[in-house]
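Reader: I have a new structure open and I'd like to learn how to read it. Could you walk me through it?

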Amino acid sequence: MTPDLFEQGAERLATHQARVVAEVTSGDRSASFGRIHEAGSLDVTHGRILYLEDVHVSFDGFKAINGLSLDIAPGELRCIIGPNGAGKTTMMDIITGKTKPDSGQVFFGSTIDLLRHNEPEIAQLGIGRKFQKPTVFEQLSVFENLELALKTHKGVAASMFFKLNGTQRDRLGEVLKTINLEDSVSRQAGNLSHGQKQWLEIGMLLMQDPKLLLLDEPVAGMTDYETERTAELFLALKGKHSLMVVEHDMSFINTISDIVTVLCDGSVLAQGTLPQVQADERVIEVYLGR
Ligand SMILES: Nc1ncnc2c1ncn2[C@@H]1O[C@H](COP(=O)(O)OP(=O)(O)OP(=O)(O)O)[C@@H](O)[C@H]1O
Ligand SMILES: [Mg+2]
């Protein structure tokens, strides 16, 4: 990383600092310099929780990701847009360890090299991912689904004797409120609406208190009402968590976004506020030209 990048990162950190509660395990910013960080601990003192540089991935010679570089500040809610096939989902596959890139760097904070970790380890490090299709346990209640989310880190034997402790019970209550399902706590998940199932799945991720949440097309298939509630949910999560949201729904993006990154052909085409990127000729061309 060059000194320039450090400065840009520090600037961004300053902008977001008011809302940032991401864990800084190494002390405050001034304490970070000249100090050795604990291996594997999340260090966001340089102003970024996620950092990708010059990442490349080919599938049978097709360059799905082609020189992708971007970074995200702690507590930021970053929106990613781009035409079909731009590489948005593949980027999330790379961050979560599902796909290994051919080259490039992918860091969580400034010390954790994600390319050295597998999928379960990356989840354990604090990166939660929401796929497009809800994957809740339909036969179980809302409460049981959330409870189960805490058990997944444990072994089978530990899960069988698992009981929520007081802190976990409080956390479950908080999450229920956040995802707007307090009134549905005993309902079977299979009877929830599509939007409620999506919220429940986000709740299951929140039970593990992820530092970074990756959400791929979260409002696809939702009603307008559910989409609005989801926008409120994400705005409430911003600051407490860092979020990367991929969406095609521009009015949703308009409601939640600060900075929007436009991906095209596997790299960043443009970045800025939504009005800025929408006015960009290159962006107009890729959206209209296909
Ligand atoms: N495992 C794979 N094998 C072969 N090609 C793949 C694989 N995964 C993705 N691709 C290709 O890489 C390109 C990028 O796909 P990706 O799913 O990341 O796009 P996207 O931006 O998420 O698109 P959409 O908006 O339609 O979801 C596409 O052309 C896709 O066909
Ligand atoms: Mg996709």
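Reader: How much of the protein chain counts as buried?

Author: A residue is buried if 20 or more other C-beta atoms lie within 10 Å of its own, exposed if 12 or fewer, and partly exposed in between, with C-beta atoms placed from the backbone. Here, 41% of the 290 residues of the protein chain count as buried. Keep in mind that this is a predicted model: local features need pLDDT of at least 70, side-chain atom pairs count only at pLDDT 80 or more, and totals for chains, interfaces and linings use all residues. As for labels, residues are numbered from 1 along each chain as its sequence is written, while chains are lettered from A and ligands numbered from 1 in the order in which they are written.

Reader: How many helices and strands are there?

Author: Helices (H or I, at least four residues) and strands (E, at least two) are DSSP runs, numbered from the N terminus. The protein chain has 12 helices and 10 strands.

Reader: In what order do the 6 strands of the open sheet lie?

Author: Two strands pair if DSSP finds at least two bridges between them. The order here is β6-β7-β8-β3-β9-β10, with mixed pairing. At the edges sit β6 (127-130) and β10 (267-272), each pairing on one side only. From one strand to the next, the twist averages 20°. Look at β6 and β7 (residues 212-216): they pair in the parallel sense over 4 bridges, and Gly128 has Leu213 of β7 as its bridge partner.

Reader: How do α7 and α8 pack?

Author: Two packed helices are described by the angle between their axes and the distance between the axes. Axes are lines fitted to C-alpha atoms, for helices over the stretch in contact, and angles run from 0 to 180 degrees between N-to-C directions. Helix α7 (residues 166-178) and helix α8 (residues 194-207) pack at about 145°, their axes 10 Å apart. Residues are in contact if their C-beta atoms, placed from the backbone, lie within 7 Å. Arg171, Leu172, Val175 and Thr178 of α7 make this contact with Gly203, Leu206 and Met207 of α8.

Reader: Which residues surround ligand 1?

Author: A residue is near a molecule if its C-beta atom, placed from the backbone, lies within 6 Å of it. Around ligand 1 you'll find Phe59, Ala64, Gly82, Asn84, Gly85, Ala86, Gly87, Lys88, Thr89 and Thr90. Helix α3 (residues 88-95) gives the most to this shell, with 3 residues.

How values were computed:
Contact = placed C-beta atoms within 7 Å.
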